[in-house]
Amino acid sequence: MSATVSFEVTSPHGPQTVTLSYARVGRGEPLLLLHGIGHHRQAWDPVVDILATEREVIAVDLPGFGASPALPGGLAHDLPTMSAALGALCEELGLDRPHVAGNSLGGLLALELGRRNLVRSVTALSPAGFWTQAERRYAFGVLIGMRRLAERMPLPLVERLARSAAGRAALTSTIYARPGLRSPEAVVAETLALAGATGFTETLRAGTTVRFTDDVPGVPVTVAWGARDRLLIPRQGVRAKRVIPRARLVRLPGCGHVPMNDDPALVARVLLDGSR
């Protein structure tokens, strides 16, 4: 069941009200799921049912993505503000230091929450922030291209392409290693989510200077990377391990940048193991 929650976040201009959309399901220790830039919480759908057998799963639409509005004026879509908003969300929902897992931008946010000691464990799937400048420029260029394409394509064309495996590959092969496995409905929905993401430009702009360079002491960390990630190349995982020496580094064979759909059973196992 989806729901929305509103809460206040401090800003240079005084308290600002932030509203986030989320879905909450399952029983067990709480596990917060954070998606990547331009995506929405439904990116986690392939693994949610598996996770919900052992965890209370809270999948969130980040500010300006999915069904969540962008942050109000006076709040930047940067790492400190987004992390503060997620901390306030946890407090509002009564989540006392939940486990957290994130993909891409969500992985970076998960690590930042771990660095701030706001969570019990961190599992980061292809997290942003371990790039060289050249790798970042490449990834941002690809993301901007995907966004422009999504904005310009008429809905009937998106729906027609999504009906075939070849069409789904044309739309999503940058982020999925096995795009044919994604359902036509999901591909249409995430293409619309990318086109309509009100926080995309501001979030991308805020990321131009981001690099994650601090250890995450005192919190169990798992970093997992798709072996076929074409957006954030797998050698960035080795850099993550250097920055966070006690992290468990996991290779995801046959998986792309958004691995949850490429191998749901494997990714669910990694998330459950990482949140014990």
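S104 sits in the loop between strand β5 (99–103) and helix α3, where helices (H or I, at least four residues) and strands (E, at least two) are DSSP runs numbered from the N terminus. The model is predicted, so local features need pLDDT of at least 70, side-chain atom pairs count only at pLDDT 80 or more, and totals for chains, interfaces and linings use all residues. Residues are numbered from 1 along each chain as its sequence is written, and side-chain values use heavy atoms, with hydrogens and water left out.

S104 is not a glycine, yet its phi is positive. N117, in the loop between α3 and β6 (121–125), is also a residue other than glycine with a positive phi. Here are the two residues, with buried meaning under 20% relative accessible area, exposed over 50% and partly exposed in between (1.4 Å probe, protein chains only).

| Residue | Phi | Relative accessibility |
|---|---|---|
| S104 | about 60° | 9%, buried |
| N117 | near 60° | 43%, partly exposed |

Now for the helices. Two packed helices are described by the angle between their axes and the distance between the axes. Axes are lines fitted to C-alpha atoms, for helices over the stretch in contact, and angles run from 0 to 180 degrees between N-to-C directions. Helix α2 (residues 79–92) packs against α3 (residues 105–115) at about 70°, with the axes 10 Å apart. The two are therefore roughly perpendicular (65 to 115 degrees; under 35 is roughly parallel, over 145 roughly antiparallel, the rest oblique). Their contact (heavy atoms within 4.5 Å) involves L79, M82, S83, L86 and G87 of α2, and L105, L108, L109, E112 and L113 of α3.
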